[in-house]
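Here is a short briefing on helix packing and salt bridges. Keep the structure open while reading.

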Amino acid sequence: MRSDEVGLNCGITIPVIGLGTYSSDNDRDTTEKAIRFALKMGYRHFDTARIYGSEPAVGNALRMAIEDQIIPREDVFLTSKLWSADHHDPVSALKHTLRRLEMEYIDMYLVHWPLKLKPWACDAVPKEEDFEKQLDMETTWEGMQRCLDMELCRCIGVSNFSSKKIESLLDFASVPPAVNQVEMHPMWRQRRLRESCSKQGIHVSAYSPLGGPGNAWGSTAVVQNPLIKSIALKHKATPAQVALKWGLSRGASVIVKSFDPDRLRENMASLDLKLDEEDLIEIGKLEERKIMRGDFLVNDTTSPYKSLQDLWDYEI
């Protein structure tokens with residue numbers, strides 16, 4: 001196994017640094033150009049989803065690279081996700097994803113959220129009236145397992161699942177999830193969730209590992225934190241590299257999201273950074289701050305969707 005990969009419980013490996021392809025602009029040319037450059041920089045994991053709208057661009061850029069013999073298909077790790085309006089039929093949903101990608105299979109298929117939306121819900125941040133009151137996760141997971149049996153994907157996993165939801169899933173799953181992709185960074189460390197997933201052999205993959213700067217719901221609190229900046233200065237690194245290396249040092253893979261060539265280089269260089277044990281201890285003392293909060297998470301105790309709050313309470 002290469003040092004920039006980690007083994008999964010499904011028997012394959014995942015690159016520890018991936019490129020996320022969500023963009024509010026969703027410009028196809030920009031996305032394809034970024035992927036081509038990322039391939040040159042050594043990126044091998046590309047993360048997309050139906051709701052991102054980036055599947056066609058991701059598929060086209062990767063196909064062109066494969067056809068031009070820049071990289072063989074087996075060296076690419078491609079992740080996409082089951083949108084919350086498609087829980088009734090994961091197989092059909094994945095087939096549609098494959099058509100958009102123009103790929104025969106993907107490497108990882110994740111349940112995007114542990115909630116169900118009505119068929120017409122197509123906003124990344126749904127409205128409250130878009131939610132269904134109940135999700136039959138057992139039926140959903142049976143569909144995910146069929147995707148695996150049909151060789152439409154090589155592994156299946158989940159995203160945004162708390163420890164409790166993981167435990168509930170394992171009560172009936174014939175195939176356990178290989179990955180749980182959640183928000184994780186030095187100011188939202190997910191310690192209890194990481195411990196729980198580790199005991200179950202489930203790999204944690206971190207999205208927004210820098211706190212999501214540049215997103216409407218993100219923050220620069222991580223990269224602007226005085227401690228992170230002081231550690232970066234000590235190692236002649238950048239705050240972003242320190243934050244990414246912290247996630248990697250905790251055994252997680254990280255999904256970075258920048259299409260800027262300099263940022264792509266900077267993020268990949270975090271693999272070479274070595275943090276001291278003292279650095280890790282000090283980061284562990286930082287005040288937790290859950291930066292990303294969906295607008296659809298309601299606070300009204302009378303709301304039927306009050307239970308959705310625990311989607312963000314991963315450490316419970």
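Is glutamate 32 buried or exposed? Glutamate 32 is buried, at a relative accessible area of 8%. The model is predicted.

**Salt bridges**
- The count comes to 14 salt bridges.
- Glutamate 32 pairs with arginine 28, with the closest N and O atoms 2.8 Å apart. Both lie in helix H1, four residues apart, about one turn of the helix. Arginine 28 is partly exposed, at 42% relative accessible area.
- Glutamate 55 and arginine 100 form a salt bridge at 2.5 Å, N to O. This pair links distant parts of the chain, 45 residues apart: glutamate 55 is in helix H2 and arginine 100 in helix H3. Glutamate 55 is buried at 0% relative accessibility, while arginine 100 is partly exposed at 30%.
- Glutamate 195 forms a salt bridge with arginine 191, their closest N and O atoms 3.4 Å apart. Both sit in helix H6, four residues apart. Glutamate 195 is partly exposed at 40%, and arginine 191 is partly exposed at 44%.

**Helix H1 against helix H9**
- H1 (residues 28-41) and H9 (residues 261-268) pack at about 35°, with axes 10 Å apart. Their crossing is right-handed.
- H1 contributes Ala34, Phe37, Ala38 and Met41 to the contact, and H9 contributes Pro261, Leu264, Arg265 and Met268. Seven of these residues are nonpolar, none polar and one charged.

**Helix H5**
- Ser163, Ile166 and Leu169 are buried in H5 (residues 163-170). The buried residues fall within an arc of 125° seen down the axis, so they line one face of the helix.
- These residues pack against helices H4 and H6 and strands E7 and E8.

Notes: Residues numbered from 1 in each chain as written. Predicted model: local features only at pLDDT ≥ 70, side-chain atom pairs only at ≥ 80, totals over all residues. Heavy atoms only, no water. Buried < 20%, exposed > 50% of the residue type's maximum accessible area, 1.4 Å probe, protein only. Helix = DSSP H or I, 4+ residues; strand = E, 2+ residues; numbered from the N terminus. Arc of directions from axis to C-beta. Contact = heavy atoms within 4.5 Å. Axes fitted to C-alpha atoms, helices over the stretch in contact; angles between N-to-C directions. Left-handed = near helix turned anticlockwise from the far one by under 90°. Nonpolar A, V, L, I, M, F, W, Y, C, P; charged D, E, K, R; others polar. Salt bridge = Lys/Arg side-chain N within 4 Å of Asp/Glu carboxyl O.
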